[in-house]
Amino acid sequence: MRAYVRWILIAGSVALLAPDCQSDPSAFGAPDSGAWTAPSRTDEAAVRDAGVAAGSSERDVEIMVALLRALPWAGQPGRFRDVLLAEGWGDAAGSEGAPGFGQEQRAFAAFGDSAQCALTMTTLDGHPMTLVGWCTVDAALGEAALDAFERTGDERWQIAMQWHDALAERDARLAAVLGELAPLSLSESMRARYEMLRTDPGVYGFACGVGGRTPDGREAFDDLLWLEDETVFRNLLRGPHPAGRLYGAEGLLRLHAFDAEDQRTLDAASDAPVPICDGCFPGTWTVAEAWAWARSRVAFDEQVARWPTDLNELLTR
């Protein structure tokens, strides 16, 4: 682990990032663990040498080289984006978003013959706030780029940067409008689920695509629901991501704890856009529209739960 990066495990789908503007990297300071320095030519040479030794494709090598060239610009989101795109990366589908309260988000992706990478960046008023990402890449290439990434699996590498001053300003804005967070005592695994839902659950929904895949946020939500802790979901209702706020409101509704004050909290940012996963029809709705849909779904689920569980029970009624 390098001194200038604070690594954290990132779970869930990638869906964030930066606006197309230049920004002053000093406005909110350097990343919490220090300043980035530009990779040397030796770093690029090491990646290329590792690729040759491992028999990696030229495209896979160029993906990693492009990443090394872009990372020093993480403090200037506009320049960071320009370098990635110029080096052959692309905007991820549905990458741009504005979760509100001055936040912007953008996602980037690159696909080689075996390498796959995705990065997400959030900004506050055009200044960097978080940068997270992952790469699935040959171990030799990953080892050669260890100054940039931390290994979390045989061929999986992850990165995370935070600008704490920007995050603190964002949280202060949220608290002023939505209310303060209450203290929580959660296990490490539940804390990871909670933080994913709070900061970026990706989409709000119940099933995605033709196969009805359960969204990562829904899986985390279902696990947290077992705790039956209203405070968990009331905190989510006051979080920075509109999909996370919807999961918080739904949790309170399923616990029969959603009250008038919770409704006022949800209404405070009811026009925020939220990515929705509704079967084969993904899209972007407002929080108010998504909440009407969620309430009808919860009511239906509760009705189904009261149905007879088998024919014998039905015949004995």
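Let me begin with two cysteines: both C208 and C277 are buried, where buried stands for under 20% relative accessible area, with exposed over 50% and partly exposed in between, using a 1.4 Å probe and protein chains only. What we have here is a predicted model, in which local features need pLDDT of at least 70 and side-chain atom pairs count only at pLDDT 80 or more, while totals for chains, interfaces and linings use all residues. Residues are numbered from 1 along each chain as its sequence is written, and side-chain values use heavy atoms, with hydrogens and water left out.

Back to the cysteines. C208 and C277 are joined by a disulfide, S to S 1.9 Å, a disulfide being a pair of cysteine sulfur atoms within 2.5 Å. C208 lies in strand β8 (residues 204–208) and C277 in strand β9 (residues 273–279), so this pair ties together parts that are 69 residues apart in sequence; strands here are DSSP runs of E with at least two residues, helices are runs of H or I with at least four, and both are numbered from the N terminus.

The structure holds 2 disulfides, and the other one is formed by C117 and C135, with their sulfur atoms 2.0 Å apart. C117 sits in strand β4 (residues 116–124) and C135 in strand β5 (residues 127–136), 18 residues apart, and each of these two cysteines is buried. The torsion about the S-S bond of C117 and C135 is about 115 degrees, so that disulfide is right-handed. With the bonded cysteines numbered in sequence order, the pairing reads 1-2, 3-4.

Now to the helices. The axes of α8 (residues 230–237) and α9 (residues 242–254) come within 7 Å and cross at roughly 145 degrees, the axes being lines fitted to C-alpha atoms over the stretch in contact, with angles from 0 to 180 degrees between N-to-C directions. On the α8 side the contact, meaning heavy atoms within 4.5 Å, involves E230, F233, R234, L236 and L237, and α9 contributes residues including Y247 and L252.

Finally, a word on confidence. The chain averages a pLDDT of 82, and 81% of the residues score at least 70, pLDDT being the predictor's confidence in each residue, from 0 to 100. Among the elements of the chain, α8 has the highest mean pLDDT, 98, whereas helix α12 (residues 311–315) has the lowest, 57. Over residues 1–30 pLDDT stays under 50, although the model has 107 contacts beyond four places in sequence for that stretch.
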